Amino acid sequence: MNIIVGLITGMISGATPILLAALGGAFTFYAGIFNIAMEGMMLMAAFFAVLGSFLFHSWLVGLLFAIAGAMILALIFIFFSVTLNTDEFVTGIALNLFALGSTTYLLRQIFKVKGVFTSKLIDSIPNIHFPLIEKIPLLGPVVSGRNLIVYLAVIATIFCYYLVFKTRFGLRLRAAGYNPNSLDSSGVRTSRMRIQSLLLCAVFCGLAGAFLSLGYVTLFAENMTAGRGWISLAAIILVDGHPYGIALISLLFGFFDGLGLFLQGYGVSSQFTSMVPYIATLGALYVYARRNRERERNAL
Amino acid sequence: MTRRILSGVLGVVIALVVGAIIMLIEGYEPLATYGALAQFSLGGIGPLTTTLKNSVPLVLTGLSAAIAFASGPVNLGQPGQLVFGALAATLGGLYISLPPVLEIPLLLLLAIAGGALWSGLAGLMKQAFGMSEFIVTLMLNMIADFFTAWVIAYPLMDRKAFSPMTPPIARSGWMPDIGPLNSSVLLMLAAVVVMWFVFQRWRAGYEWRITGQNSLFARLGGCDVRGNFMAVMLVTGALAGLAGGLVVMGGPHRFLKGLGANYAWDGIMIAIMANNGLVETLIYGVFVAAIQTGALGMELITNVPSEIAQVLQAVLVLVIVATREYAAVVFDRLAARRQARERAA
């Protein structure tokens, strides 16, 4: 029984950052931007979350700092890609490098350490307990006592679906990706929709990064996102950006992430268990590619 | 041509100015910092040969990325292919001992095969199942990283060492020094020349380039697009593998922990700066190597941390690319204006 609860809670923690980053990326996906900067945005956010929380001893300030950190990257992205028309792929790669370099640099500059920074002064984001639900066997310990960001992620998924598919903003957002020329000729500036989508993406990646450094663990480590931004990109591509699909895929990755940790308890060396989510991504890509091929064959 | 040089130089200058502004904000003296950077990377035979030696993995992975991007396949797997090349060369060096004349070529071939194996795996997944090589190579990077970390921590671990690393490879497999210069630099230059000929002068390279520019046109013109895809994946993986082999054979002579992480994205970054040009890749590769090499010395005499090199590199990529694309617009506008004036006269 405890093993099942442990696996499920592990799955939820593993899924949360990927889900949030992928939801953020979904906005830019619909707006027609090839955005691969989620990795960098998350890393910046994770660093600034620790910085804010450390300086003000408040997780709320940490959260705001995290969003601001991701926002810096989004603004640079906007300046280069929307204003100067630089290639989005190139901008994204350069921004990821910039995030890695500047967080490593700032870690050394501000905290005077290399590699990892942790401190008792960092206030982590609290877990939320529901007094009544907690008592229900099996369901209680899974639903109650999770990190605040986890509940935010659930709300964000529904919010994201509503925003993209049920509002005028969402319609214009999708039009920016589907047919920018007709959106422009209808009097809405495509570039403005793209800017807004990038800012939204930064907010979501900010939450994801804050969860990594103030929820999942309470520390900042160099390159601590470890490819989660890329996995979230894979999740977006696999389900064509649909928020509920993203949630499902994220849970799947989360499951494999948790499974890896679980296997570690059984003596499988950590290097192999760490590979599991990436192998799962390859597996998911395989299924997607096969489905695509069959669809093409049926279309002929 | 002049345009390309002009916008390249302009980009570097603007990037250095932006870097100087960042240093000023941080309270450092930009001129002294750049001076120290140059002094420890280019000032004299010793620093210069170190820079050249450090440029070997950068130029080779840059070459790999440039050829891949210019030919179509989005091979982002240089980090994984590099560590697999390094691992293959290390394995050979640990278990095979021959005279240097045979040992060195053998280890180089093993490194090339190791890199090509890892990129070939990604190519196969694309060919057989239609999986996008873009994400596949990224995931394979992670897997290769963890796999090599396991190999050097368990089966091949040097019991006498304090951190995970393999024992040193056979002495006969070390790349010899020619005077102050390590011979891996010569091999790198040879690789650049060979790849330039293949890419710019041979039929295969022509087909790759045409496929990269317009794959439909290439197919209608009779190119074997699928076969070329695989060939490009194998060749670019081989180059990254060679880089890994030379890192082991020219440098620490063993597989150290975190060997791949040092060059992870540098090759891709250099290819982007070079706009996928092979000669430009060589120039930018040495340039980036100079920044990285100089940064370590700079830290000793100024109090600027060497990590600023990473920030500087990211600024360089963004500014150089933006300058190039923006300069193209400006040049076109100037040319149009001149034509209009001539027509009016």
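User: In this predicted model, how many nonpolar, polar and charged residues does the lining of the second largest pocket have?

Analyst: Rolling a probe the size of a water molecule over the atoms shows where empty space is left. In this structure the lining of the second largest pocket, sorted by class, has nine nonpolar, nine polar and five charged residues, and the space that lies in this pocket comes to about 570 Å³.

User: Which residues lie nearest the centre of the second largest pocket, and which helix gives the largest share of its lining?

Analyst: Of the 23 lining residues, K126(B), Q127(B), S215(B), V225(B) and R226(B) lie nearest the centre. Helix 10 of chain B gives the largest share of the lining, five residues, while the elements that each supply at least two residues include helix 12 (270–299) of chain A and helix 5 (100–129) of chain B.

User: What class does L187(B) fall into?

Analyst: L187(B), which has its place in helix 7 (residues 184–200) of chain B, counts as partly exposed because its relative accessibility is 28%. The C-alpha atom of L187(B) is separated by 10.0 Å from that of M175(B), a residue twelve residues apart along the chain.

How values were computed:
Residues numbered from 1 in each chain as written. Chains lettered and ligands numbered in written order. Predicted model: local features only at pLDDT ≥ 70, side-chain atom pairs only at ≥ 80, totals over all residues. Heavy atoms only, no water. 1 Å grid on protein atoms, 1.4 Å probe; cavity = no way out; pocket = protein on both sides within 12 Å on 5 of 7 lines; lining within 4 Å. Points joined across faces, edges and corners; volume = space filled by probe spheres on them. Helix = DSSP H or I, 4+ residues; strand = E, 2+ residues; numbered from the N terminus. Nonpolar A, V, L, I, M, F, W, Y, C, P; charged D, E, K, R; others polar. Buried < 20%, exposed > 50% of the residue type's maximum accessible area, 1.4 Å probe, protein only.
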